[in-house]
There are 2 protein chains.
Amino acid sequence: MSTNSSPGVPMSERTTVRRGAKRAEYRREEIHEILRVGSVAHVAAMTAEGPLVLPMAYGISGETMYLHGALANALLRAGADTEICATVTIVDGLVFAKTPFNHSMNYRCVVVRGQAQVMTEEEEITDALHVITDHIVPSWDITRHPSASEIKATRVIALPLTEVSAKIRSGGALNQPEDVDAELWSGYIPTRTVFGEPVSDGDAHGEVPGVIAHLPSRDLHIR
Amino acid sequence: MSTNSSPGVPMSERTTVRRGAKRAEYRREEIHEILRVGSVAHVAAMTAEGPLVLPMAYGISGETMYLHGALANALLRAGADTEICATVTIVDGLVFAKTPFNHSMNYRCVVVRGQAQVMTEEEEITDALHVITDHIVPSWDITRHPSASEIKATRVIALPLTEVSAKIRSGGALNQPEDVDAELWSGYIPTRTVFGEPVSDGDAHGEVPGVIAHLPSRDLHIR
């Protein structure tokens, strides 16, 4: 953890939330809780053809975010130490005000900015793949572990959780004073992600493992 | 619609999917269907402090994507005609292979790249806000419409759907030949977003409107 990561204090100028600051969140515990619940990071890098943002699987270990997905290949081409931005968003609800100007969404969002480190050591990549796998569902221990050649073909990026901020919006609509008495409804609808029944592959053996068969809703903590 | 937007043909070099090309999708109908179902775009722009990606609400009208959210302010500062990338991802399922190397997610993802146009005309902004509002839930007609000063305070970006591509992954795991007979389970778990009960604000009048009370699951079309 960096020395300037005290609870409630922005880590750097560029991770200071400028808009909707009342919803800004810099406490480590809150940031880690959002990252624990999220499932996909949208990762942006500058390419020769302009900015590019792609979804990537991720996992967290200590104060490091590991990222796995197609953008890792592009970043590998771009060279090490490329500046990236990884954003994890959980949509918690739709907010309907009395006028669309005040419509909003309830959400929790973490933004991480920093230099991507493309991992090259077999052991590091294996550890990162373990972390990313278990972030989705703790299932590493019930699989055949990757071979050396598979690890070699796996692109993983490490991003330090140094310059990180979060934004949280919750609750109902904030109506304009002029609208408070208007004969219109306002409020919010909670949303969450649910899991359906497992679908077994043709070459699957045995029962669906318990950790997969009984997945909890990942974002139950609706605000 | 651009002249080179024939079904199945990449719109430009930089929107040609380079990885997992068998999952690439360039047909207009498929791209519009994904954009219709998605709820949030992750939008990236280059800033003086490196790339930044933030979630934004969006709506589609014809071959234009309208974006609304905090990044619009940053782009307004950066000046018109800034290159951006807007990515809409719908996660449809978690794919468990017999080894984590073959784990995946089922998803539908659209990537749009191009020059952001910050809208300045009151009528254009009103139309865009109408489109964005109705994208989430067709509720514009049951609200008090924004005033001229509210429209003036609204930042909306237009992005042409010219350079656009999609990637779709569906179905079960693709296991390595060596794993097919392994005594391990593999398969996938469908995921979808569901809506909870509406929560009325203290200043809400009347019943919950029908379009809000009876929201369908937005991404029912699980592959």
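**Salt bridges in the predicted model**

A second salt bridge in chain B joins R108(B) to D92(B), with 2.7 Å between the closest N and O atoms. This pair connects distant parts of the chain, 16 residues apart. R108(B) is located in strand β6 (residues 104-118), and D92(B) in strand β5 (residues 82-96), both of chain B. R108(B) and D92(B) are both buried, that is, each has under 20% relative accessible area. Elsewhere, R144(A), E150(A), E178(B) and D179(B) are joined into one network by salt bridges that share partners. The members of this network come from chain A, with R144(A) and E150(A), and from chain B, with E178(B) and D179(B).

In chain A, a salt bridge is found between R27(A) and E30(A), where the closest N and O atoms are 3.9 Å apart. The cut-off for such a pair is 4 Å, so the distance of 3.9 Å between R27(A) and E30(A) falls within it. R27(A) has a relative accessibility of 34% and is therefore counted as partly exposed. E30(A), at 22%, is likewise counted as partly exposed. Over all chains, the search of the whole structure gives 14 salt bridges.

Chain A contains five helices and 10 strands. Of its 223 residues, 50% are buried. Among contacts in chain A with a separation of 6 or more, 72% are between residues 24 or more positions apart. The accessible surface of chain A amounts to about 9,400 Å², and carbon and sulfur atoms contribute 51% of that surface.

Key: Residues numbered from 1 in each chain as written. Chains lettered and ligands numbered in written order. Predicted model: local features only at pLDDT ≥ 70, side-chain atom pairs only at ≥ 80, totals over all residues. Heavy atoms only, no water. Salt bridge = Lys/Arg side-chain N within 4 Å of Asp/Glu carboxyl O. Buried < 20%, exposed > 50% of the residue type's maximum accessible area, 1.4 Å probe, protein only. Helix = DSSP H or I, 4+ residues; strand = E, 2+ residues; numbered from the N terminus. Contact = heavy atoms within 4.5 Å. Areas by Shrake-Rupley, 256 points an atom, 1.4 Å probe, with all protein chains shown as cover.
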